[in-house]
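The following note was prepared for a student who is reading a structural model for the first time. Please keep the sequence and the structure in view while working through the numbered points.

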Amino acid sequence: MVIMKIQANRSSGFTLIELLVVLGIVALMLTLAVPRYFPTIDAAKETMLVDNLRSVRSTIDQFYGDTARYPDSLAQLVEKKYLKALPIDPITESTETWILLAPEDGSPGNVYNIKSGASGNGRNGRPYADW
């Protein structure tokens with residue numbers, strides 16, 4: 001009977017030692033997971049950049065094939081329904097930082113090629129502007 005009274009009076013909950021052990025385990029798991037998480041974000045942004053560049057360059061070529069001229073701006077590709085919306089540069093997170101290159105052979109139009117306006121280098125060491 002005495003044993004039952006002691007158990008009945010004991011409140012439920014965790015002790016300080018139990019909480020510290022759990023917090024230590026969580027901290028250990030975070031130190032292993034976080035360093036792997038952030039490079040994955042950078043890799044995803046670079047993959048999106050490559051995909052956006054490939055897609056827009058292909059669209060510029062389609063526009064040229066249809067009209068025998070290059071577009072005057074990226075907005076013209078949206079107006080003519082070649083693109084749904086202006087692509088976002090995932091590195092700068094903006095649609096305004098693209099570098100537009102005019103055709104060198106004197107063809108009509110202002111957008112022959114597109115490059116990223118992001119400063120810095122990618123994980124492979126190449127500047128974003130050279131992609």
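1. The structure holds 4 salt bridges. A salt bridge is a side-chain nitrogen of Lys or Arg within 4 Å of a carboxyl oxygen of Asp or Glu. The model is a predicted one, in which local features need pLDDT of at least 70 and side-chain atom pairs count only at pLDDT 80 or more, whereas totals for chains, interfaces and linings use all residues. Residues are numbered from 1 along each chain as its sequence is written, and side-chain values use heavy atoms, with hydrogens and water left out.

2. One of the salt bridges joins Lys 45 to Glu 93, with the closest N and O atoms 3.3 Å apart. Lys 45 lies in helix α2 and Glu 93 in the loop between α3 and β1, so this pair ties together parts that are 48 residues apart in sequence. Helices (H or I, at least four residues) and strands (E, at least two) are DSSP runs, numbered from the N terminus. Lys 45 is partly exposed, its relative accessible area being 25%, while Glu 93 counts as exposed at 58%. For these words the cut-offs are under 20% relative accessible area for buried, over 50% for exposed, and partly exposed in between, with a 1.4 Å probe and protein chains only.

3. A salt bridge also forms between the side chains of Glu 46 and Arg 123, at 3.2 Å from N to O. Because Glu 46 lies in helix α2 and Arg 123 in the segment after β2, the pair ties together parts that are 77 residues apart in sequence. Glu 46 counts as buried at 7% relative accessibility, whereas Arg 123 is exposed at 59%.

4. Arg 69 and Asp 72 form a salt bridge as well, their closest N and O atoms being 3.2 Å apart. Arg 69 is partly exposed, with a relative accessible area of 25%; Asp 72 is likewise partly exposed, at 36%.

5. Is Asp 89 buried or exposed, and which side chain of opposite charge is nearest? Asp 89 is buried yet has no salt bridge, and the nearest side chain of opposite charge, Lys 45, is 9.1 Å away. In this assignment Lys and Arg count as positive and Asp and Glu as negative; His and the chain ends are not counted. Asp 89 is found in the loop between α3 and β1 (99-101). Its side chain makes a polar contact of 2.6 Å with the side chain of Ser 116. A polar contact is a pair of N or O atoms within 3.5 Å; within protein, one must be able to donate a hydrogen and the other to accept it, and residues adjacent in sequence count only if both atoms are side-chain atoms.

6. The contacts of Asp 89 include Leu 49, Thr 97, Trp 98 and Gly 117, when residues up to four places away in sequence are not counted. Contact means heavy atoms within 4.5 Å.

7. Rings of Phe, Tyr and Trp (its six-membered ring) pair if their centres lie within 6.5 Å; planes under 30 degrees apart count as stacked, over 60 as edge-to-face and the rest as tilted. The count by this rule comes to 5 aromatic pairs. Among them, Phe 63 and Tyr 82 are edge-to-face, at 5.2 Å centre to centre and 70° between the planes. This pair links distant parts of the chain, with Phe 63 in helix α2 and Tyr 82 in the loop between α3 and β1, 19 residues apart. Phe 63 counts as buried at 2% relative accessibility, and Tyr 82 is partly exposed at 24%.

8. Tyr 70 and Tyr 112 also form an edge-to-face pair, at 5.3 Å centre to centre and 85° between the planes. Tyr 70 lies in the loop between α2 and α3 and Tyr 112 in the loop between β1 and β2 (113-115), so the pair ties together parts that are 42 residues apart in sequence. Tyr 64, Tyr 70 and Tyr 112 form one aromatic cluster.
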